[in-house]
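Look over the model shown below. This report takes up ring pairs and backbone angles.

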Amino acid sequence: RRVVITGLGLVTPVGIGVEASWEGVCAGRSGIDTITRFDASGFATQIAGEVKDFHPRDFLPLKEARRTSLFIAYAIAATRMAMDSSGLKIDERNEDRVGVVTGCGLGGLSILEEITRVVDSKGPNRVTPFFIPMMIGNMAPGMISIHFGAKGPNSSVATACAAGSHAIGDAVNLIKRGAADAMIAGGIESTITPTGIAGFNAMKALSTRNDDPQKASRPFDRDRDGFVIGEGGGIVILETMEHALERGAHIYAEVAGYGMSGDAYHITSPPPDGGGAVRCINAALSDANLSYRDIDYINAHGTSTPLNDLYET
């Protein structure tokens, strides 16, 4: 079964929505600036890619917006945009055949920090019953399912930087094997928090170019000094080509192949020979029945960290 992309939704530091985000990228605008979520003056890194002018109540009922963590709100917002873009309708005729897979690394880290403070200062009886549902990563696809009525396969992927790609790949495979006709898939994250920044600083992974934030993210550059943490959400609507053509949907792209691999090497460093990436690329090319000669664009991981940049190259 051939799988195509028919819908796009984005919430990013350079814009809310696909058009605003793409316009920002094409204009060379950076979404990286000084952190405003908390006082980062005592941190080695004081910059991040925060999403600006996002209001959960624009996408959720007010009462629900108040008890929904930011990463889940991003997921619902991006999904609403993607569904509008796709024109896909979910009703009793197809609800069992539409599923959701999303990826995120840490989920509701800000909620965890907040509740920890509540327990320490006010005691365990003051913890909100919404704490766990606001924090765990699988509540993003769960809430998408609730809001849009998708009753097909539903799961969450937590594989750090690869989570969004894995979610899309897993969703494609579910469609290919006939478990669903359409899938909502993508990645979301919101971990610009004191513990998030402190943790990555402890790993020496973040850029400390605090005096020049808009030029801090510079993968493969001689003067790179680490990545810049960002947040947001990206969702695509996937469906069989036959299904898309039947309903006259606009097709943005076909997902031709997908591959996965493990380095089995180190907790943070890729192997010096890039072997894990080679296996993954070969698996994707094989799945797509393509040669490397057919590839004319590569979207790099590009973390701006010395080891990843060197071994990925």
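Is Ala-160 buried or exposed? Ala-160 is exposed, because its relative accessible area is 55%. The cut-offs run as follows: buried is under 20% relative accessible area, exposed is over 50%, and partly exposed lies in between (1.4 Å probe, protein chains only).

This is a predicted model, in which local features need pLDDT of at least 70, side-chain atom pairs count only at pLDDT 80 or more, and totals for chains, interfaces and linings use all residues. Residues are numbered from 1 along each chain as its sequence is written, and side-chain values use heavy atoms, with hydrogens and water left out.

**Positive phi**

Neither residue in this table is a glycine.

| Residue | Phi | Loop between |
|---|---|---|
| Ala-160 | about 50° | β6 (154-157) and α7 (163-176) |
| Phe-220 | about 65° | α8 (194-202) and β8 (232-240) |

Helices (H or I, at least four residues) and strands (E, at least two) are DSSP runs, numbered from the N terminus. Phe-220 counts as partly exposed, at 40% relative accessibility.

**Aromatic pairs**

Rings of Phe, Tyr and Trp (its six-membered ring) pair if their centres lie within 6.5 Å; planes under 30 degrees apart are stacked, over 60 edge-to-face, and the rest tilted. That rule gives four aromatic pairs. Phe-54 and Phe-59 have ring centres 5.6 Å apart and planes at 10°, so this pair is stacked. Both Phe-54 and Phe-59 are buried. Phe-54 also pairs with Tyr-74, edge-to-face, at 4.9 Å between centres and 70° between planes. This pair links distant parts of the chain, 20 residues apart. Phe-54 sits in the loop between β4 (47-48) and α2 (62-66), and Tyr-74 in helix α3 (residues 70-86). Tyr-74 is buried, as is Phe-54. Ring pairs join Phe-54, Phe-59 and Tyr-74 into a cluster.
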